[in-house]
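Please look at the model first.

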Amino acid sequence: MLTSLACLFLVGILFSQLLQWLHLPGLLGMILTGILLGPYGLNWLSPQLMTIAADLRQLALVLILLRAGLALDLNDLKRVGRPAILLCFVPAILEIIGYVVLGPGLLGLSAIECAVMGAVIAAVSPAVIVPRMLKLMEEKRGTAQSIPQMIMAGASADDVLVIVLFSSFLSLAQGESGSAVGLLQVPVSILAGLFIGAITGLLLCWFFRRVHLRDSIKVLILMSVAFLLLEAENWLQAFLPFSGLLAIMAMGIAIYSRYSLLAGRLSQKFSRLWVGAEMMLFVLVGAVVNPAYLVKAGGPLILLIFSALLLRMGAVALCLIKTPLNRKERVFCMIAYCPKATVQAAIGAVPLSLGLACGELVLSAAVIAILITAPLGALGIDLTYRRWLKPEKESV
């Protein structure tokens, strides 16, 4: 396993830097590394590493949600109001509906299998969006209208909503009894996750103010609590459905709201941890991809992904109706809500691992969505934000 990890990091760094030199997202180089080193390529990754790949993907998702929560100011969202709330769920739901409506005709899957695929692909990528929105906040681009804060918060909540829906659709696809009732538990799961996470964050603030610890120790405590929240979701499932992932983000938001100085320091620590976690996440998702099946899926799948993406962009435009944003700022928000990567990497292989007939096609769709939308979204943000978003001092 140690040799596999050495290959993973060294080749991943090489490919990532090469893609960045070509002005493309480095995560594409990481996915290509996984395809090259995985069982369908050179087969240099040990079976032991592939066995724990799902847990490592979950770890990466926890890190990015903690980082997003610790940088999110609710006061900025209150200034935006209705559009910020709508962006949390309208684009993702419309994109999933696009898969359910168009998927059966294009791919020959059942409606519920298309719903599973839509839930995998509908989430936008914190790995692409969060670092760029944090950069915009540092440069104070669009911050007078709270554009980066709105996008970052909407993207994070969007991810959690999609993951909750994915769990329900997965139960339906497996034919579990009572799974239809599970869909009705989604609002309860979201509200309970917010409440439990906020209470946990406030308790941690109280503890950190009274007990002096190094920030590195606080990071370990936060991560441990986050893992326990994920496990508590399973423990309490029969009594109280709640989203552990949403609770993790709410915990970070609560810490920022009560102890912003500490939140800023911890966010920097998590940013450093993300460097290694991101590498493992995207290399390991590339490792389970069968390139031959990827080519075979081809045209209809790409057409479906683009069609659903247009629905998402249209939904973003609807959410921004009657806002003070000008046309360029609205188009920027539509572009920024496109890139897929993190959630697709984290859950794209789950249907295949559970033996669903649509599993390989869902994984192929997840990888194709990453390869298409991550570079387009990242380049779209990088090339337009300086021209379309005014610095705060010019916006006042």
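This is a predicted model. A search of the whole structure finds 7 salt bridges. The points below cover some of these pairs, then the second largest pocket.

**Glu95 and Arg312**
- The side chains of Glu95 and Arg312 form a salt bridge, at 2.5 Å from N to O.
- This pair links distant parts of the chain: Glu95 sits in helix α7 (residues 90–107) and Arg312 in helix α16 (residues 291–319), 217 residues apart.
- Glu95 is buried, at 1% relative accessibility.
- Arg312 is also buried, with a relative accessible area of 0%.
- A network of salt bridges links Glu95, Asp158, Arg312 and Lys340.

**Asp215 and its partners**
- Lys218 and Asp215 meet through their side chains in a salt bridge (3.8 Å, N to O).
- Lys218 and Asp215 lie 3 residues apart in helix α13 (residues 215–235), so about one helical turn separates them.
- Arg265 also forms a salt bridge with Asp215, at 2.7 Å from N to O.
- That pair links distant parts of the chain, with Arg265 in helix α15 (residues 260–287) and Asp215 in helix α13, 50 residues apart.
- Asp215 counts as buried at 16% relative accessibility, whereas Arg265 is partly exposed at 31%.

**Second largest pocket**
- Its volume is about 650 Å³.
- The lining of the second largest pocket has 25 residues, with Leu74, Cys88, Ala157, Leu194 and Ile253 nearest the centre.
- The lining divides into 21 nonpolar, 2 polar and 2 charged residues.
- Helices α5, α6, α10, α12 and α14 each supply at least two lining residues.
- Helix α14 gives the most, with 7 residues.

Methods. Residues are numbered from 1 along each chain as its sequence is written. This is a predicted model: local features need pLDDT of at least 70, side-chain atom pairs count only at pLDDT 80 or more; totals for chains, interfaces and linings use all residues. Side-chain values use heavy atoms; hydrogens and water are left out. On a 1 Å grid over the protein atoms alone, a cavity is a set of points where a 1.4 Å probe fits but cannot get out, and a pocket is an open set with protein on both sides within 12 Å along at least five of seven lines; lining residues have an atom within 4 Å of a point. Grid points are joined across faces, edges and corners, and a volume is the space filled by probe spheres set on the points. Helices (H or I, at least four residues) and strands (E, at least two) are DSSP runs, numbered from the N terminus. Ala, Val, Leu, Ile, Met, Phe, Trp, Tyr, Cys and Pro count as nonpolar, Asp, Glu, Lys and Arg as charged, and the others, Gly among them, as polar. A salt bridge is a side-chain nitrogen of Lys or Arg within 4 Å of a carboxyl oxygen of Asp or Glu. Buried means under 20% relative accessible area, exposed over 50%, partly exposed in between (1.4 Å probe, protein chains only).
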